[in-house]
Amino acid sequence: MSIDLNQFHAVFFEESQEHIDTMEQLLMALDLEEPDPEDLNSIFRAAHSIKGGSGIFGFTALGKITHVMENLLDQLRNGERHPDTALVDHFLTVLDCLRRILDQYRGGEDIDWDEVEEQVKALEAILNDGKSTPRTSATASSSAEPDANADNDAFGFFDAPEEEPAETADSSGSGDSENWGLFEPEPQAEPSGAEAPDTEAAFGFFEDPASATEPQPAKTASAASAAARPDRSKAKAATPESATIRVGVDKVDSLINLVGELVITQSMLKVLGEDPDNLDTLKMSTVLAELERNTREIQESVMSIRMIPVSFVFNRFPRVVRDLASKMEKQVELVLEGTQTELDKGLIEKLVDPLTHLVRNSIDHGIESPERRREAGKPEKGTIILGASQRGGSIIISISDDGAGLNRGRIMAKARENGLPVSDDMPDAEVWDLIFQPGFSTAEQVTDVSGRGVGMDVVRRNIQQLGGRIEISSQASVGSTFTIQLPLTLAIVDGMGVAVGGQTFIIPLVSIIESMQPPRANLKRLAGSDLLHVREEYWPLLRLAEVMETQARSSDPAEAIVVLIETSKRRYGLVVDELVGQQQVVIKSLEQHYKRVPGAAGATIMGDGSVALILDVESLADIVRDPIVEEEIV
Amino acid sequence: MGKHVLIVDDSASIRQMVEHTLKTGGYQVTVACDGQEALDLCQKQHYDCVLTDQNMPRMDGLTLIKNLRGMASYGRTPILVLTTEASDDMKAKGRSAGATGWMVKPFNPENLLQVAAKVMP
């Protein structure tokens with residue numbers, strides 16, 4: 001019998017990570033005056049779970065630390081010790097260490113055993129610092145030598161009246177070799193009788209000479225795990241990051257339900273197809289409509305499996321803010337909003353770095369020192385709001401602070417220094433945009449908080465790679481807001497099919513305001529550019545046929561269809577031959593399958609098998625000439 | 001059809017490991033994440049053996065055992081506590097709750113199967 005425990009490692013790592021996060025959140029939120037017993041219990045349980053799992057899967061370093069942690073936490077939850085800021089701070093550093101060790105195990109790297117020993121010693125010192133009750137020292141001593149009686153008493157029976165005492169005693173006797181035994185009916189005949197040398201088996205292990213997993217004195221364990229490591233790191237190399245996702249049972253159930261409906265629809269179609277001569281077309285179209293509904297619902301359901309709440313990213317920030325604020329000697333309160341907003345898991349993971357950078361920036365550059373805030377008539381404690389919300393097919397994530405705001409003068413000076421073309425009458429929005437230029441940092445002094453070479457240009461690039469965009473609004477001495485807009489998912493887009501010169505193109509529905517056949521009276525031509533007056537506004541027109549180098553059915557916009565489009569840069573009208581219809585399309589990368597096409601974000605395959613380009617309305621906006629201001633036209 | 005074992009543990013990795021091991025050993029396995037879920041399952045059907053963790057949210061292992069022993073159908077069912085400590089204190093508590101035996105974590109798959117074979121002959 002051999003069971004490969006490696007297959008459970010990924011789950012263990014993930015759940016340990018969650019336990020560490022949970023402990024961190026609970027510790028930081030802990031009311032030191034009157035700690036909630038349930039919170040203390042939950043923290044204890046988290047440490048306990050990591051310890052239990054690490055023992056089974058052989059992650060000795062984690063087990064050693066969480067074991068002492070658990071003893072300390074046990075005192076807390078039993079009221080034998082009162083938590084204070086110093087203790088919470090210490091636990092937080094221990095959690096950081098656990099994270100590092102977890103990463104080392106995960107990456108198949110060498111474990112820093114010196115650090116492990118250090119942490120264990122530090123925790124034991126707290127555990128023994130005079131407050132120790134007899135009970136405490138007993139636990140502490142057992143923790144110091146967990147292996148002393150490790151080989152016995154690992155399994156046993158309580159009273160088992162239905163069993164014959166003889167057999168019971170026999171089994172108990174064999175406990176030394178088999179590591180299990182039976183309790184005899186009388187309490188005094190506990191296995192300790194049979195296993196006299198180890199009466200105080202507070203912590204026992206199955207002895208298995210072949211396994212390198214038992215906690216042993218540090219050196220042995222270290223050597224053993226070093227010997228075991230090459231295998232593990234090899235296994236890891238094969239699966240660099242076997243990503244897993246935890247999905248609520250309700251989501252899976254609803255998917256199963258939907259698949260069931262799909263099967264019913266399929267069997268209805270089968271029945272209809274068996275007799276093609278007497279096809280009931282009405283029934284057929286009903287069933288096809290049903291099939292369409294099934295497919296859409298399954299698609300939505302599957303996509304939702306990839307969706308996780310943004311709290312997965314947001315919840316790390318209270319700690320970041322706490323640490324940074326104390327380092328920078330600032331007072332900052334972090335407010336999280338919309339933490340249950342769901343976002344694609346892939347997007348969430350890639351958001352961590354840009355968001356961290358922005359939050360650091362807000363603390364470092366945004367929030368002023370308490371003195372300066374007081375002088376400015378603001379509360380000494382600054383506020384950073386990290387919010388998420390869904391707007392149509394997009395997710396909006398915003399980081400706003402009530403700090404000093406961006407410094408226009410300093411940005412302009414820095415831009416000139418970097419040789420960027422700037423003028424004093426540039427609108428604010430364009431000035432703020434400058435900080436996204438490479439090599440742009442206006443920090444007066446390069447702190448170890450921000451200004452470490454990773455600039456806002458990287459942040460913007462990261463966001464753009466996710467198909468999103470970032471905008472800044474800022475007001476001097478009131479504060480700044482960074483707004484990130486992201487697509488809900490990267491794989492599927494709701495689109496409007498339009499035809500030009502016999503080809504079909506897809507316009508993402510989120511960018512479309514309306515489509516119309518323009519009345520001739522509303523069309524103007526000025527200095528070589530077409531304008532459409534609609535909705536109290538002049539819209540520059542862009543002929544899709546020209547961009548895509550094909551032949552439009554008519555060169556007269558009045559005989560064509562204009563699709564009004566809104567982008568982050570400007571609004572414009574796209575002139576097309578006709579509308580084909582609205583549909584969801586699966587985005588396929590053009591670069592991967594063909595080559596980059598200007599103005600196209602990707603391609604998709606239509607129902608009839610033909611390929612249609614998905615238009616990149618943002619980059620098309622760059623081609624559009626700016627509309628001339630209304631006064632000049634009138 | 002193998003004997004049906006109910007595994008109760010709040011840790012997914014341990015649940016999976018125990019489940020996989022017992023299934024490999026020919027047992028039929030059902031899992032529960034805490035004592036309350038296990039109790040609900042036990043009220044619906046009978047299991048030949050229950051392996052439960054002690055420390056769990058909602059309902060801990062010992063409370064689960066006390067509840068099970070109060071049910072006629074679980075009077076003699078083998079119930080093992082999976083625990084990280086085998087102290088006398090723990091044993092006394094386990095005994096008074098009505099557990100059949102205990103097993104110390106960590107354990108390895110081979111030991112688990114040996115123990116399972118003993119309690120479900």
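This report walks through selected helices, strands and residues of a predicted model.

## Ground rules

The model is predicted, so local features need pLDDT of at least 70 and side-chain atom pairs count only at pLDDT 80 or more, while totals for chains, interfaces and linings use all residues. Residues are numbered from 1 along each chain as its sequence is written, chains are lettered from A and ligands numbered from 1 in the order in which they are written, and side-chain values use heavy atoms, with hydrogens and water left out.

Helices (H or I, at least four residues) and strands (E, at least two) are DSSP runs, numbered from the N terminus.

A UniProt annotation from an unreviewed entry, "modified residue: Phosphohistidine", covers A:His48; UniProt positions are given in the numbering used here, feature names are shortened, and annotations may be inferred rather than shown by experiment. A:His48 sits in helix 2 (residues 37-57) of chain A. Its relative accessibility is 6%, so A:His48 counts as buried (under 20% relative accessible area, with exposed over 50% and partly exposed in between; 1.4 Å probe, protein chains only). Leaving aside neighbours within four places in sequence, A:His48 is in contact with A:Glu70, B:Asn55 and B:Thr84, where contact means heavy atoms within 4.5 Å.

Helix 2 of chain A packs with helix 3 (residues 60-77) of chain A: their axes come within 8 Å and cross at roughly 155°. Axes here are lines fitted to C-alpha atoms, for helices over the stretch in contact, and angles run from 0 to 180 degrees between N-to-C directions. The two helices of chain A are therefore roughly antiparallel to each other (over 145 degrees; under 35 counts as roughly parallel, 65 to 115 as roughly perpendicular and the rest as oblique). Their crossing is left-handed, meaning that the near helix is turned anticlockwise from the far one by less than a right angle, whereas clockwise is right-handed. Residues making the contact include A:Phe44, A:Ala47, A:His48 and A:Lys51 of helix 2 of chain A, and A:Gly63, A:His67, A:Glu70 and A:Asp74 of helix 3 of chain A.

## A:Glu15 and chain B

A:Glu15 is found in helix 1 of chain A and is buried, with a relative accessible area of 6%. Not counting residues up to four places away in sequence, A:Glu15 touches B:Ser11, B:Ala12, B:Ser13 and B:Ile14. A:Glu15 and A:Ile50 are 35 residues apart in sequence and 8.2 Å apart in space, C-alpha to C-alpha.

B:Asp53 lies in strand 3 (residues 49-53) of chain B and, at 2% relative accessibility, counts as buried. Not counting residues up to four places away in sequence, B:Asp53 touches B:Val8, B:Asp9, B:Asp10, B:Gly61, B:Leu82 and B:Lys105.

Helix 2 (residues 35-44) of chain B and helix 3 (residues 61-69) of chain B have axes that come within 9 Å and cross at roughly 20°. That makes these chain B helices roughly parallel, and their crossing is right-handed. The contact is made by B:Gly35, B:Ala38, B:Leu39 and B:Cys42 of helix 2 of chain B with B:Leu64, B:Asn67 and B:Leu68 of helix 3 of chain B.

## A six-stranded sheet in chain A

Further along chain A, six strands form an open sheet in the order 12-16-17-15-14-13, with mixed pairing. Strand 12 (512-516) and strand 13 (523-526) of chain A stand at the edges, each with a single partner strand, so one side of each has no neighbour in the sheet. From one strand to the next the twist averages 30°. Two strands pair if DSSP finds at least two bridges between them.

Strand 13 of chain A pairs with strand 14 (residues 529-534) of chain A in the antiparallel sense over four bridges, with A:Asp530 as the bridge partner of A:Arg525.

## Helix 14 of chain A

In helix 14 (residues 317-327) of chain A, the buried residues are A:Phe317, A:Arg319, A:Val320, A:Val321, A:Leu324 and A:Ala325. Their cover includes helix 1 (9-29), helix 15 (345-366) and strand 6 (382-391) of chain A. Just after helix 14 of chain A, A:Glu329 takes a positive phi of about 55°.
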